[in-house]
Structure formats: C-alpha cells, structure tokens
Amino acid sequence: MVTRQRGRPRSFDRPTALEQATMAFWEHGYETTSVSDLTRAMGISAPSLYAAFGDKKTLFEEVVETYVLSYGAYGGRAFAEEATARDAVGRMLGEAAHLFTEPGHPPGCLVISAAVNCSTPEVEAILRDRRNANLAFFEDRIRRDVEAGELPAGTDPRALARFSGAVLQGMSQQARDGATAEELAAVAEAAMRAWPTGGAGG
C-alpha cells in the first residue's frame with residue numbers, strides 16, 4: 001500500500017521570496033508592513049510564509065541578517081580593506097551616498113529606516129544592538145589609530161565614532177527624503193573634513 005505524502009511541496013523560490021520581503025520591509029519599515037503585505041509582495045500564502053520563514057519577526061530577523069551580508073556589506077568591506085579608520089569611514093560614507101540612492105531598491109538603509117515608528121521591543125532591540133555594535137567597531141578602530149599615531153593623541157574615539165554614525169544615519173534619512181547621490185556625496189566629503197588631521201606628532 002502506497003502512503004501519500006501529506007501537504008504540497010514548496011512551490012516558490014525561497015531566496016527570491018526573501019528578497020521580496022527585504023524590499024517590503026526596506027520600503028515600509030517593520031511596524032507598518034503587515035503579513036498580508038508580505039504575502040502579496042512575496043507571492044505566497046500566509047501558511048507558506050509561516051512554514052518557510054516562521055512568524056513576521058523571525059522573517060524580519062532573517063531579512064536583516066541577509067541584508068547586512070549583501071546590500072549592507074559595504075561598511076565591513078571598507079574597514080577590512082582600508083589601512084586607516086579615516087580611509088575606511090570616508091569610503092563607507094562615499095559608497096553609502098550611492099547605495100542609498102541607487103535604483104532597484106528603496107532609498108536609505110534598511111537597518112536604520114526599518115526602526116522608524118517601531119513599537120515592537122524585540123525588533124527595536126535587534127536594530128539598536130546592530131547599530132550600537134557598528135559604533136563600537138568604529139570606536140575600536142579609531143582608538144587603535146590614535147594609539148598608532150595615525151590620528152592626533154587628543155582625538156576622542158567615542159565622539160568621532162558617534163559623529164560618523166550620525167552622519168551615516170542622517171544620510172539614510174535624507175536619501176528617503178529625496179536627496180541625490182551627488183548631494184549625499186557632498187555631505188560625506190564635508191564630514192571627512194571635520195575629522196582631525198595629523199598624527200601624534202601634529
């Protein structure tokens with residue numbers, strides 16, 4: 001006697017569906033993106049969404065993890081490939097000016113914009129912790145450059161890291177408000193002119 005397998009096999013491409021969910025969260029934020037919005041964007045039913053991705057929060061967590069390894073990977077690359085914190089932050093801000101405004105996806109940064117009007121504490125914590133981890137990473141790299149004499153001895157690593165993070169977050173919001181790549185690139189250049197110059201010797 002042949003036993004039939006219960007249920008239907010998955011009839012959609014999971015990476016494509018995840019990308020479509022990323023676009024929805026990126027455009028509308030976490031709080032205002034409903035499950036029905038997601039199923040419409042992903043082209044799947046609610047039962048398929050829950051079976052493949054879990055609930056909305058679990059799906060969002062996967063979206064964020066995937067985003068930071070794809071669209072959001074520019075910052076990590078800059079710090080991995082540039083010799084100094086100054087060069088890394090300058091490259092990060094310069095690339096952000098283009099990423100935040102390029103066609104093919106919503107403007108700005110998902111990790112920054114998805115938190116707007118978010119009233120779900122667990123999701124707020126996920127995004128806040130990731131942003132704070134980035135600031136801590138910036139601070140550590142700047143502090144090492146101060147110790148190595150790449151930046152003046154009087155440089156405040158924490159303040160400079162927060163300044164750089166504030167510029168990045170502001171650029172994301174301005175992109176969502178319609179700023180062009182050229183306008184944001186000018187902001188990035190102005191921010192870098194505010195960085196301290198000279199090493200330990202002056």
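Glu81 is exposed, with 52% relative accessible area; exposed means over 50%, buried under 20% and partly exposed in between, for a 1.4 Å probe and protein chains only. The model is predicted: local features need pLDDT of at least 70, side-chain atom pairs count only at pLDDT 80 or more, and totals for chains, interfaces and linings use all residues. Residues are numbered from 1 along each chain as its sequence is written, and side-chain values use heavy atoms, with hydrogens and water left out.

Glu81 forms a salt bridge with Arg91, their closest N and O atoms lying 2.9 Å apart; a salt bridge is a side-chain nitrogen of Lys or Arg within 4 Å of a carboxyl oxygen of Asp or Glu. Glu81 belongs to helix α5 (residues 74–81) and Arg91 to helix α6 (residues 85–99), so the pair ties together parts 10 residues apart in sequence. Helices are DSSP runs (H or I, at least four residues), numbered from the N terminus. Arg91 also forms a salt bridge with Glu82, at 3.1 Å between the closest N and O atoms. Through shared partners, salt bridges join Glu81, Glu82, Arg91 and Glu95 into one network.

The count by this rule is 10 salt bridges. One of them pairs Arg130 with Glu65, with closest N and O atoms 2.7 Å apart. This pair links distant parts of the chain, Arg130 in helix α8 and Glu65 in helix α4 (residues 56–69), 65 residues apart.

Helix α8 (residues 121–147) also holds Asp145. Asp145 is buried yet has no salt bridge; Arg141, the nearest side chain of opposite charge, is 4.4 Å away.

Key. Helix = DSSP H or I, 4+ residues; strand = E, 2+ residues; numbered from the N terminus. Lys, Arg positive; Asp, Glu negative; His and termini not counted.
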